Amino acid sequence: MHCGRVTWSGGSRLDRSSLLVEMSMILSASVIRVRDGLPLSASTDYEQGTGVQECRKYFKMLSKKLAQLPDRCTLKTGHYNINFISSLGVSYMMLCTENYPNVLAFSFLDELQKEFITTYNMMKTNTAVRPYCFIEFDNFIQRTKQRYNNPRSLSTKINLSDMQMEIKLRPPYQISMCELGSANGVTSAFSVDYKGAGKISSAHQRLEPATLSAIVAFILSLLCGALNLIRGFHAIESLLQSDGEDFNYIVAFFLGTAACLYQCYLLVYYTGWRNVKSFLTFGLICLCNMYLYELRNLWQLFFHVTVGAFVTLQIWLRQAQGKAPDYDV
């Protein structure tokens with residue numbers, strides 16, 4: 001069915017909603033950060049039908065649960081469907097009529113994803129603070145939405161065979177209303193079991209995507225651990241040769257190695273009291289280097305302590321993908 005622009009000469013919102021349902025079209029789209037539900041961009045032309053406005057509540061509720069859901073999902077809300085995909089910490093969500101083809105819906109989201117990743121780097125999306133700080137992306141959303149709402153112009157520009165095969169092999173997870181929770185904000189606790197993805201619970205929370213700084217911190221911490229380990233073995237060798245090496249130096253070197261490796265673990269995995277453990281581990285690194293003061297020059301001490309402080313900071317910055325704030329999506 002051709003889906004051009006409709007001119008309204010009058011009538012109630014209910015009449016308009018009924019006509020929208022009969023048409024096959026995309027109504028709106030949003031770009032949302034996964035870890036906290038922060039809206040990064042959105043189309044600015046929401047239809048005003050009562051059914052469409054009702055669906056905006058589901059957008060808001062879904063944005064709070066993105067970190068707990070698979071990367072491709074569909075929520076059916078009567079006459080309308082909400083589809084979304086998530087990748088690299090960002091989710092792309094759209095609202096369409098129930099009769100809009102699935103392959104076109106996810107092809108539309110795939111185009112939004114590719115353009116957004118090309119236009120904005122991960123650092124910008126991770127450090128964004130204000131809602132809708134990439135609102136200029138709405139221009140691309142509007143153009144793409146118009147294309148996908150006009151099948152005649154769309155059919156010659158894209159190849160849907162790959163998307164059809166992908167959806168057939170890995171269909172979107174169907175979210176039920178009981179999983180989503182009630183519209184008044186009282187949500188049900190649930191775990192998602194999706195094609196081997198496993199059940200996600202509070203005991204196994206996922207961390208935010210690793211930044212470049214976190215990766216550098218991980219490598220430096222491994223380097224410090226390796227240096228401590230090498231010096232520890234040299235200390236053992238000196239002790240065996242009866243060169244008067246203090247056994248406590250050996251303990252200090254190996255404790256320093258363990259502390260560096262444990263910082264790497266805390267940087268990669270979520271655990272209870274994670275921030276407290278990171279500060280205590282940094283304290284142990286400082287104590288070990290204080291004891292090894294006679295065996296290291298000032299630059300070596302400065303390097304080990306600075307790396308420990310840098311890794312501790314990155315552990316603190318890379319938090320778990322917890323409950324999302326109540327943004328007005």
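Is Phe247 buried or exposed, and what is its relative accessibility? At 52% relative accessibility, Phe247 counts as exposed, where exposed means over 50% relative accessible area, buried under 20% and partly exposed in between (1.4 Å probe, protein chains only).

The legends below describe a predicted model, in which local features need pLDDT of at least 70, side-chain atom pairs count only at pLDDT 80 or more, and totals for chains, interfaces and linings use all residues. Residues are numbered from 1 along each chain as its sequence is written, and side-chain values use heavy atoms, with hydrogens and water left out.

**View 1. Nonpolar surface patch that includes Phe247.** Leu239, Phe247, Val251 and Leu255 make a nonpolar surface patch of about 330 Å². Areas come from the Shrake-Rupley method with a 1.4 Å probe, and for residues only the protein chains shown count as cover. Helix H10 (residues 247-268) gives the most to this patch, with three residues. Helices (H or I, at least four residues) and strands (E, at least two) are DSSP runs numbered from the N terminus.

**View 2. Strand E4 and its two antiparallel partners.** Seven of the eight residues of E4 (residues 80-87) are buried, so this strand is largely enclosed by the rest of the structure. Five bridges join E4 to strand E3 (residues 72-76), and Leu75 stands opposite Ile82; strands pair if DSSP finds at least two bridges between them. Three residues separate E3 from E4 in a hairpin, and Gly78 in that turn has a positive phi of about 85°. With strand E5 (residues 90-97), E4 forms eight bridges, Ile85 being the bridge partner of Tyr92. The E4–E5 hairpin has two residues between its strands, with Leu88 in the turn at a positive phi of about 55°.

View 3. Leaving aside neighbours within four places in sequence, Val307 is in contact (heavy atoms within 4.5 Å) with Leu220, Ser221 and Cys224. The C-alpha atoms of Val307 and Phe218 are separated by 9.6 Å, although these residues are 89 apart along the chain.

Methods. Patches are made of residues with over 30% relative accessible area and no salt bridge: like charges are joined within 9 Å, nonpolar side chains (Val, Leu, Ile, Met, Phe, Trp, Tyr) within 5 Å. A salt bridge is a side-chain nitrogen of Lys or Arg within 4 Å of a carboxyl oxygen of Asp or Glu.
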